Amino acid sequence: MTQLVNTNINGDAVGFNCETDETLLDVLRNRVGLTGAKEGCGTGDCGACSVILDGTLVCACLVLGMEAEGRKVETVEGLSDGAELHPLQSKFIEHAALQCGICTPGFLMAAKALLKNNPDPTEEEIRYALAGNLCRCTGYDKIVRAVQATAAELRGG
Amino acid sequence: MARHDVKLWSALRPHAQGMDTVSIEANTIRELFTRLEASYPGMAPLITQGIAVSVNGTLYRDSWDTKLPDGAEVFLLPRIQGG
Amino acid sequence: MSADTRYTGQEFKSVGTRPLRPDGIDKVTGRARFGADINLPGQLVGRILRSPHAHAAIRSIDTSKAEALPGVKAVITSADLPDLTDGNREMFDILDNCMARTHAYYDGHAVAAVAAVDAHTARQALKLIKVDYEVLPHVTDVDAAIAKGAPVLHKDCFTRGVEPKPRKASNIAYRSEFGHGDVDAGFAKADVIIERTFRTEQTHQGYIEPHACVASISPDGTGELWLCTQGHFVVRQHCAELLGLDVSKLRVTPTEIGGGFGGKTHVWAEPVALALSRKANRPVKLVMSRDEVFRASGPTSATSIDIRIGVTKKGRITAGDATLRYSSGPYLGMWAELGAMTSFACYDMKNVRTVGLEILVNRPKTTAYRAPSAPMAAFAVESMIDELAGRIGMDPLEMRILNAAKKGTRSSYGPVYGPIGIGPTLEAAREHPHMSAPLGKNQGRGMACGFWFNFGGQTCTDLNITPDGSVTLTVGTIDVGGARASLALVAAEELGIPYDQVRAVVGDTSSLGYNDMTDGSRGTFSSSMATIMSARNAITILRQRAARMWDIPVAKVIWEAGCAKAVGKKYDNLAPLTLAEIAAAAPKTGGPIAGHNELVADGAGVSFATHICDVEVDPETGRTQVVRYTVIQDAGKAVHPTYVEGQYQGGAAQGIGWALNEEYIYGEDGRLQNAGFLDYRIPVCSDLPMIDTQILEIPNPNHPYGIRGVGETSIVPPLAAIGNAVSNAFGVRMTHVPMSAPRILKALEEAARDASEVA
């Protein structure tokens, strides 16, 4: 059964039709045309589809499209301010915190959620906050450093 | 023309009466293959499939033009697969 | 004519710097297009039906109900992928793996596929396909597969490499042997001999991006394919052969690749998607689920290795002997052979023998995984080296240095080494502060060495000078981890222009000549060689054009710092011509300016690494955490050092996962029990420490810039380095990977029991 859902994605009012069994990830990728969130597993284990829903980090593959009714969705596509990259985005490039880049959108959203709640995280706090996001290329070293550098910059350090 | 003791890895030996080394005159990989196939026809399918040629310890593919310098150690090996 | 690719020792301006990568912004904004991000108008959704049985004969497949379902546009079985392989066994195995014919050989083997208007309909259609299976006895374990009475997968499998040909079919598909000297005489000279059996479990490359493709074939036999792959030219070749298409009529466009590590060097779903598209006459998008990725693609071998090494009291190895059994899935591979070749390659062995046995089992077809087969063999050898050193009371590092292979050593796989780099990595380890740092409670330190071959292969690049003097570089090797940045640096270096003036892209199969895959650590090694030659060819033309613009002989024009300069008394008052000026005049001086190169990159040279690792073991649970890790490896010349570090760190992290956690678990029913990231747990961020790297730069004599491949070797040492660290912490020798918490706990309990019995 198809239903109309009204939501807000990256600041824009968006309406879409979706089936009851479609996930928010399916909707973003297949109906709204936002393919930044990736499906690495479809079971909430890899974090490649991480988005922020009403301020909370979620796996878009574990949320139904219909649950987005009346809520705010933030995806990687909304991270930069026009042509101005978010500091996390700049630091990820500078620190080579990505190799293949498939996990990067999820890491950026997870790191954003972390820094919003904890502007001065320890290395251990960063590692645990990002433990739901899998990266197979980097060994996480440069990702952690990029998040540390962003946190320092955002604190004005 | 330089004569080489060409060493064979195990899969080639049955086609050379069990020998692990054969003596071949050749200046290039092409000459080496031509003469090997003439003397040991059983090797032809393996050579066609693609094998690696170690020249003085460096592995080469089977490019015909690769030179076999005088006195070089020539060792035939399976073509490696990588990840 | 082959170009002169010898190392020249030139000074570098661009190479060795760390600029931002060209694909960075697309990848942090979500704009980069990966396999599953491609969509075509009118595309159908493809889905594959897979065998639930580990081994079964397929009596019949009834697709009529699925075909009748509204919205279903094509249903295919092996009948739609007829055997065109003409006796080529390797291609037949690829075909049979893509779509089972007479038998399903593993849980997850494709048996049929559908294309439908949407995912929902496609899923429903799969349920309506009736496959009549005759379930057969199966075997998934590498040792059980060669035990007496084991079910034999192929009645026509008589062990190759054995003379005379065996009379009975078995699951040993191939036997290979390497070595030299007299092993028995060598052992007779030994003061201490240790013999052990090591086991390693099957792991998956674990790329985060599942295989994905969009296929479109027209009734006139032309086709297009978009996919994530490590080698689009190889995909084109295999798909064209399997589907009976002209190679030139199939255009393959690679997307960004979300990890491969060897796992995207083969075709699985692509021929199926093409066959569906051909039947439906519509584009078909086929994306594997994670479950399918685990059950049907990828994995490395499970192994069982018997090994024996003898040493003198002074620490010199007198002999080594190993028999390596590697699972190959249902089809012949060269996995045990590679294990046999690499196992003792780090050491100067006077007497050595290795035997590789390729074992067929009812598991998915084994695929290359980063330095394929070397990590398991290194686990066995490097664990034994440490144990032997302990037995004779020698520092394991010193024992490795004493026995390290060097120039002139006959390698265990045959040839005599030229100049090689294991010695310098060991010396660097000895000097490294990590080696002498204090350890905490329940901690142990281990080290291990690793070897991998590296290779080159067929490569070509196009370098085009655009009308404004900026440069496009089109390469044919897939960029798996930053190669576009490295290759743009190389082009900038050769042309003498800033990095920002070069844009490197990966071309599709219609825009360049054939290129081998990105495997064997060859991407940057090979394509940089072709890029240098392309740039030199472009410079030749640029000099001719400058000479034309000046009306002077071309011999009086040199290329320097990105400009044409006139030389000689008569001409040196002429102001240099920039790339932009020459490019702007191109329409009048002879048309577009470009440099091309096609070559077989060769002389990659072998690669060595030494790793140091500290672990902390919780004696109550057996849980083991890596607390410090250092990678030391030779890069020849690090073109973009940050991405070289990335390769070292990534390989080490994969090795750590392999060592401690990752394994395929099969049930008695032959079904894979952990086909997901929850139960097949790769290292997460909180599992790992920072991974320190030390890049050595010992120029490769066979590359103009001295570059070596760096991608694979770093996965080789971690299994043994961690095993040795655990052993040094608690005095227990781990012989079974992964060293998961239950296995370590069991080993600790057994050691405690043995100790109390002695007391």
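## Chains and contacts

Of the 2 pairs of chains in contact, chains A and C share the most contacts; two residues are in contact if their C-beta atoms, placed from the backbone, lie within 7 Å. Chain A and chain B do not touch, and their nearest C-alpha atoms are 14 Å apart.

The model is predicted: local features need pLDDT of at least 70, side-chain atom pairs count only at pLDDT 80 or more, and totals for chains, interfaces and linings use all residues. Residues are numbered from 1 along each chain as its sequence is written, while chains are lettered from A and ligands numbered from 1 in the order in which they are written.

## Chain A

Chain A has 5 helices and 5 strands. Helices (H or I, at least four residues) and strands (E, at least two) are DSSP runs, numbered from the N terminus. The order of these elements along the sequence of chain A is β-β-α-β-β-β-α-α-α-α.

The C-alpha trace of chain A spans about 50 × 30 × 25 Å along its principal axes. For 157 residues, a compact globule would have a radius of gyration near 15 Å, and the 15 Å of chain A agrees with this. The radius of gyration is taken over C-alpha atoms, and the globule rule is 2.2 Å times the number of residues to the power 0.38. Of the 157 residues of chain A, 59% count as buried. A residue is buried if 20 or more other C-beta atoms lie within 10 Å of its own, exposed if 12 or fewer, and partly exposed in between, with C-beta atoms placed from the backbone. Among contacts in chain A between residues at least 6 apart in sequence, 58% join residues at least 24 apart.

## Chain B

Chain B contains 2 helices and 5 strands, which follow the pattern β-β-α-α-β-β-β along the sequence. The C-alpha trace of chain B spans about 35 × 25 × 20 Å along its principal axes.

A compact globule of 83 residues would have a radius of gyration near 12 Å, and chain B, with 12 Å, agrees. Of the 83 residues of chain B, 46% count as buried. Among the contacts in chain B with a separation of 6 or more, 51% come from residues 24 or more positions apart.

## The contact between chains A and C

This contact takes 42 residues from chain C and 42 residues from chain A. On the side of chain C that touches chain A, the elements that give two or more residues are α1 (24–29) and α17 of chain C. Helix α17(C) gives the most, with 7 residues.

By class, this side of chain C has 21 nonpolar, 15 polar and 6 charged residues. Ala, Val, Leu, Ile, Met, Phe, Trp, Tyr, Cys and Pro count as nonpolar, Asp, Glu, Lys and Arg as charged, and the others, Gly among them, as polar.

## The contact between chains B and C

Here 34 residues of chain C are in contact with 23 residues of chain B. The elements that give two or more residues to this side of chain C are β7 (172–180) and α9 (335–342) of chain C. Strand β7(C) gives the most, with 3 residues. The residues of this side of chain C divide into 15 nonpolar, 12 polar and 7 charged.

## Strand pairing in chain C

In chain C, 3 strands form an open antiparallel sheet in the order β20-β21-β22. Strands β20 (557–560) and β22 (577–578) of chain C stand at the edges, each with a single partner strand, so one side of each is left without a neighbour in the sheet. Two strands pair if DSSP finds at least two bridges between them. Strand β20(C) is joined by 4 bridges to the antiparallel β21 (residues 563–566) of chain C, where A566(C) is the bridge partner of V557(C). Helix α15 (residues 523–550) of chain C lies across β20, β21 and β22 of chain C and runs at about 130 degrees to β20(C). Axes are lines fitted to C-alpha atoms, for helices over the stretch in contact, and angles run from 0 to 180 degrees between N-to-C directions.

Elsewhere in chain C, 6 bridges join β25 (residues 624–634) to β26 (residues 691–696), and these strands run parallel. Y629(C) stands opposite I691(C) in β26(C). The chain crosses from β25(C) through helix α17 (residues 641–660) of chain C to β26(C) in a right-handed β-α-β crossover. A crossover is right-handed if, with the strands pointing away from the viewer, the path from the first strand over the helix to the second runs clockwise.

## A covered helix in chain C

Helix α7 (residues 270–280) of chain C is mostly covered, with 10 of its 11 residues buried. Among the buried residues of α7(C) are E270(C), R278(C) and A280(C). Just after α7(C), N281(C) takes a positive phi of about 55 degrees.
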